[in-house]
Amino acid sequence: MTRTRGSRRARTAEREQARTARRNCLLVLLSRAERGVLSRGEAALLRATVEAELAEGDAARRAAGGQQAAVRREQQRLDAAEQAIVEAEQHAARCEATLDRIRAARTWADVWAHLGMFYSLAPEQAGQEARTRRNAAERHADERRAEEEARATRYANWLAAAQRVCGAPNWPSLADHIAAQRAGRAGELTAQPALDDTAA
């Protein structure tokens with residue numbers, strides 16, 4: 001890397017020296033031409049020097065034009081990046097606002113109303129999604145209630161069997177009593193909001 005920079009600086013210095021020498025030569029030749037003492041060889045040298053200066057000027061203008069085009073392209077990229085940043089910040093703000101409203105929602109209808117507005121869904125589509133989630137929550141609650149009832153029945157049967165094995169007096173209503181207690185608890189779980197049921 002250092003060697004490359006050094007060679008580039010050396011080439012730049014050589015070009016600058018050649019340009020200075022050529023311009024000094026040009027000044028001398030123009031001075032002789034002005035005095036009318038320019039020979040044919042000097043006239044040819046004058047022409048070659050002027051052509052070299054013109055060619056270098058054209059190359060410099062082309063390079064400058066290329067650099068200006070590159071600057072314009074970079075400016076366009078910068079403008080596009082800034083616009084993308086602004087849009088991303090606006091989108092993030094919308095996401096945060098929608099998330100806050102969803103957190104405050106109490107039903108799936110409220111949740112999908114906010115999601116529908118955020119994603120530009122048709123009201124029918126948002127309503128269908130809300131109904132789907134509500135139905136899933138109800139099915140989940142029914143499954144939990146059935147599991148609680150089955151567990152209560154198994155426990156009551158086990159307790160009654162243990163009572164008989166130990167020779168304790170028979171309590172025919174024990175299984176029914178425990179099942180009723182467990183069913184009451186399952187009813188309390190079912191009474192929770194649908195969002196809480198599905199979240200669990």
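**Note on the predicted helical model**

1. The secondary structure of the protein consists of six helices and zero strands. This is a predicted model. From the N terminus on, the order of elements is α-α-α-α-α-α.

2. Of the 200 residues of the protein, 16% count as buried. Among the contacts with a separation of 6 or more, 48% are between residues 24 or more positions apart.

3. Helix α4 covers residues 123-165. Its 43 residues should span 63 Å at 1.5 Å a residue, and the end C-alpha atoms of α4 are 63 Å apart, so expectation and model agree. The buried residues of α4 are Ala126, Ala130, Ala137, Ala141, Glu148, Ala152, Ala156, Ala160 and Gln163. In an α-helix there are 3.6 residues a turn, so residues three or four places apart point the same way.

4. Two packed helices are described by the angle between their axes and the distance between the axes. For helix α3 (residues 108-119) and helix α4, the axes come within 8 Å and cross at roughly 145 degrees. The crossing of α3 and α4 is right-handed.

5. At this contact, α3 contributes Trp108, Ala109, Trp112 and Gly116, while α4 contributes Ala126, Glu129, Ala130, Arg133, Arg134 and Ala137. By class, the residues of the contact of α3 with α4 are six nonpolar, one polar and three charged.

6. The largest nonpolar core has eight residues in all: Ala105, Trp108, Val111, Trp112, Leu115, Ala126, Ala130 and Ala137. The elements giving two or more residues to this core are α3 and α4, and α3 gives the most, with four residues. In soluble globular proteins, nonpolar side chains tend to be buried together.

Terms used:
Residues are numbered from 1 along each chain as its sequence is written. This is a predicted model: local features need pLDDT of at least 70, side-chain atom pairs count only at pLDDT 80 or more; totals for chains, interfaces and linings use all residues. Side-chain values use heavy atoms; hydrogens and water are left out. Axes are lines fitted to C-alpha atoms, for helices over the stretch in contact, and angles run from 0 to 180 degrees between N-to-C directions. A crossing is left-handed if the near helix is turned anticlockwise from the far one by less than a right angle, and right-handed if clockwise. Contact means heavy atoms within 4.5 Å. Ala, Val, Leu, Ile, Met, Phe, Trp, Tyr, Cys and Pro count as nonpolar, Asp, Glu, Lys and Arg as charged, and the others, Gly among them, as polar. The expected span of a helix is 1.5 Å times one less than its number of residues. Buried means under 20% relative accessible area, exposed over 50%, partly exposed in between (1.4 Å probe, protein chains only). A nonpolar core is a set of buried Ala, Val, Leu, Ile, Met, Phe, Trp, Tyr and Cys residues joined through side-chain atoms within 4.5 Å.
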